[in-house]
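This briefing covers helices, a nonpolar core, an iron site and salt bridges. The points are grouped by topic for use beside the sequence and the model.

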Amino acid sequence: MDMNSEQNIYEQLGESAGLRRIIETFYANVVQEPLLAPLFPEDIQPVIERQQQFLTQFFGGPPLYSEQHGHPMMRARHMRFPVTNERAEAWLACMNAALRENEVEDELREFVIARLKGPAYHFVNTP
Ligand code: HEM
């Protein structure tokens, strides 16, 4: 699993099972993060499912999210939540920690975070 291979990110993260472990760790972190937890429903399982579908396609796997939910329009889907700069940072920190906890190697981890930074700050909609 290194960045020089021709595998896409989805494959490098271990496809469905690897991504699932990371996303479960990520939301375990999110619900412990005071800035983020209040925004999420008590039953986090449906959120895990939709995030799995989205990140699968975002990282080069099959287009599961679009098949189920249509055009992602992710910024629009976040408009009903107050996303601040601090929350974008906290979101990325939870993901970075989840990648570390799942022992994703540093180069791949940094690449994944760099890919998520754009969308995270783009979703900021509240000062
Ligand atoms: C910037 C900070 C972010 C915050 C505060 C945030 C917060 C949220 C919240 C509160 C939900 C709704 C949970 C529910 O269903 O009730 C959600 C859904 C979701 N978020 Fe984020 N999010 C952030 C960034 C991101 C990023 C960077 C991505 C991916 C690139 C992402 C992908 C998703 C997806 C796929 C869903 C499910 C959408 C759906 O309902 O179909 N989010 N997010």
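In helix α6, the buried residues are Arg87, Ala88, Ala90, Trp91, Leu92, Cys94, Met95, Ala98 and Leu99. The model is predicted. These buried residues of α6 pack against α2 (15-30), α3 (45-58) and α7 (106-122).

**Helix α6**

- Helix α6 runs over residues 85-101 and has 17 residues.
- From its first C-alpha to its last, α6 reaches 24 Å, close to the 24 Å expected at 1.5 Å a residue.
- Just after α6, Glu103 has a positive phi of about 55°.

**Helix α7**

- The end C-alpha atoms of α7 are 24 Å apart, which agrees with the 24 Å that its 17 residues should span at 1.5 Å a residue.
- A bend of about 30° occurs in α7 at Leu116, and the proline Pro119 follows within four residues.
- Leu108, Arg109, Val112, Ile113, Leu116 and Ala120 are buried in α7.
- The partners against which the buried residues of α7 pack are α1 (9-12), α3 and α6.

**Nonpolar core**

- The largest nonpolar core has 34 residues, and Leu13, Phe59 and Met95 are those with the most contacts inside it.
- At least two residues of this core come from each of α1, α2, α3, α6 and α7.
- Helix α6 gives the most to this core, with eight residues.
- Met95, one of the residues with the most contacts in the core, is also one of the buried residues of α6.

**Iron site**

- His78 is the only protein donor of the iron atom of the ligand, through NE2 at 2.0 Å.
- The loop between α5 (74-77) and α6 holds His78.

**Salt bridges around Arg20**

- The structure has four salt bridges.
- Arg20, Glu24 and Glu49 are joined in a network of salt bridges.
- Glu24 pairs with Arg20, with the closest N and O atoms 4.0 Å apart.
- Both Glu24 and Arg20 lie in helix α2, four residues apart, which is about one turn of the helix.
- Glu49 also forms a salt bridge with Arg20, at 3.2 Å from N to O.
- Because Glu49 lies in helix α3 and Arg20 in helix α2, this pair ties together parts that are 29 residues apart in sequence.
- Glu24 is partly exposed, with a relative accessible area of 40%.
- Glu49 also counts as partly exposed, at 35% relative accessibility.

- Arg109 and Asp106 meet through their side chains in a salt bridge, at 3.2 Å from N to O.
- The two residues, Arg109 and Asp106, are three residues apart in helix α7 and so are separated by about one helical turn.
- Arg109 has 5% relative accessibility and therefore counts as buried, the cut-off being under 20%.
- Asp106, with a relative accessible area of 47%, is partly exposed.

Methods
Residues numbered from 1 in each chain as written. Predicted model: local features only at pLDDT ≥ 70, side-chain atom pairs only at ≥ 80, totals over all residues. Heavy atoms only, no water. Expected span 1.5 Å × (residues − 1). Buried < 20%, exposed > 50% of the residue type's maximum accessible area, 1.4 Å probe, protein only. Contact = heavy atoms within 4.5 Å. Bend = angle between axes of the 7 residues up to and from the residue. Donors = N, O, S within 2.8 Å, 3.2 Å for Na, K, Ca; no water. Core = buried A, V, L, I, M, F, W, Y, C linked by side-chain atoms within 4.5 Å.
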